Amino acid sequence: MTVGFIGLGRMGGNMCRNAIAKCGQEVLVYDLIDDAVEACVKVGGRAVSSVGELVAAADVIFTSLPKPENVEEIALGAEGIAALAKPGTVYIDLTTSSPELARRIAATLKEKGIEMLDAPVSGGPSGAEAGTLGVMVGGDEGVFAAHKQLIETFAGNVIHVGPIGSGLVVKLVNNLLGLVTVAAASEGLVLAKAAGVDPRKLDAAIRVSTGDSLAYRSLADRALSGDYTAAFALDLAYKDIHLALELADEVSVPTPMAAGTHNLMRMARGLGYGQEDPTAVVRVYETTQQLTIAEGA
């Protein structure tokens, strides 16, 4: 079996290097950034000159890409999977993308004898490097079962959640929950400081109370340190919650908290924080209230 990996950024590169180390198969690699390709070649990957060369040669193709439009181009473009991959190929998309797009791509590929799994991941670059990612997979159960072990080369928890598109639904809901919690935690920290409570004492109390969560802790750690260096950029998180709102439109479910968070993130981007961590949304409240959560501020 020949494995192909397209998209070797902070997430894709780490996943690819784990796959190279553990899958025992030839892994072809492609990215627009030469340094990203070289990092995978150094550990045993084989560089190819184009997407078309990779998809024509691979039996299993992974993509890890920034946006849905990138997925659509790789899958359905003139040099893409539908055009050049051989029948029997399996396409596994790791991107956080649109469930509707995944269903449309899968239907087109099915006509070519190509199966698809949507398999978005959770755990960030550190989880991708450690090989501990959570992966939520949509698609045919038999195809999933045949490729679960391959996915486990870079993941700690791989869960089949339903037909094609279901993995993306679960991922978008997961991200919605995390981002809405970050927005609520931002309000709470600023409210407490404005009311005269030491944010570190508030934080100590919240961590042993019902307001605690992983998302809260992520926000509090960033706000208390004042360090919003991005592990995952706010611009990409904004894309994710936008996709969740599009999904809500499709199925006619009201999502007022997600919509409010989307607007908060839009304000943060307007203030120039798009390339910072998503927790930088707290800086919108800090700006309007003319205060800072960070110790010593």
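**Salt bridges, cysteines and nonpolar cores**

E152 is partly exposed, with a relative accessible area of 36%. (Buried is under 20% relative accessible area, exposed over 50% and partly exposed in between, for a 1.4 Å probe and protein chains only.) The model is predicted, so local features need pLDDT of at least 70 and side-chain atom pairs count only at pLDDT 80 or more, whereas totals for chains, interfaces and linings use all residues. Residues are numbered from 1 along each chain as its sequence is written, and side-chain values use heavy atoms, with hydrogens and water left out.

E152 pairs with K148 in a salt bridge, at 3.9 Å from N to O. (A salt bridge is a side-chain nitrogen of Lys or Arg within 4 Å of a carboxyl oxygen of Asp or Glu.) K148 is also partly exposed, at 30% relative accessibility. The count of salt bridges in the model is 14. In one of them, R217 meets D212, with the closest N and O atoms 2.8 Å apart. R217 is partly exposed, at a relative accessible area of 31%. D212 is likewise partly exposed, at 26%.

D235 and R269 form another salt bridge, with a closest N to O distance of 2.8 Å. D235 belongs to helix α12 and R269 to helix α13, so this pair links parts 34 residues apart in sequence. (Helices are DSSP runs of H or I with at least four residues, strands are runs of E with at least two, and both are numbered from the N terminus.) D235 has a relative accessible area of 24% and is partly exposed. R269 is partly exposed too, at 35% relative accessibility.

The cysteines give a count of zero disulfides. (A disulfide requires a pair of cysteine sulfur atoms within 2.5 Å.) For C16, the closest cysteine sulfur is that of C40, at 3.9 Å, which is too far for a bond. C40 is likewise in no disulfide, and its nearest cysteine sulfur is that of C16. C16 is buried, with 0% relative accessibility. C40 is buried as well, at 0%.

The largest nonpolar core holds 38 residues. (Such a core is a set of buried Ala, Val, Leu, Ile, Met, Phe, Trp, Tyr and Cys residues joined through side-chain atoms within 4.5 Å.) Within this core, L189, M265, V281 and I293 touch the most other members. At least two core residues come from each of α9 (166–194), α11 (214–225), α12 (234–251), α13 (256–270) and α14 (282–289). Helix α9 supplies the largest share, 10 residues. Beyond its neighbours within four places in sequence, V281 contacts V182, S186, L234, L264, M265 and A268. (Contact means heavy atoms within 4.5 Å.) A second, separate core has 33 residues, among them M15, L133, I151 and V158.

I159, V161 and V170 make a nonpolar patch of about 220 Å². (Patch residues have over 30% relative accessible area and no salt bridge; nonpolar side chains are joined within 5 Å and like charges within 9 Å.) Areas come from the Shrake-Rupley method with a 1.4 Å probe, and for residues only the protein chains shown count as cover. V170 is located in helix α9. This valine is partly exposed, at a relative accessible area of 34%.
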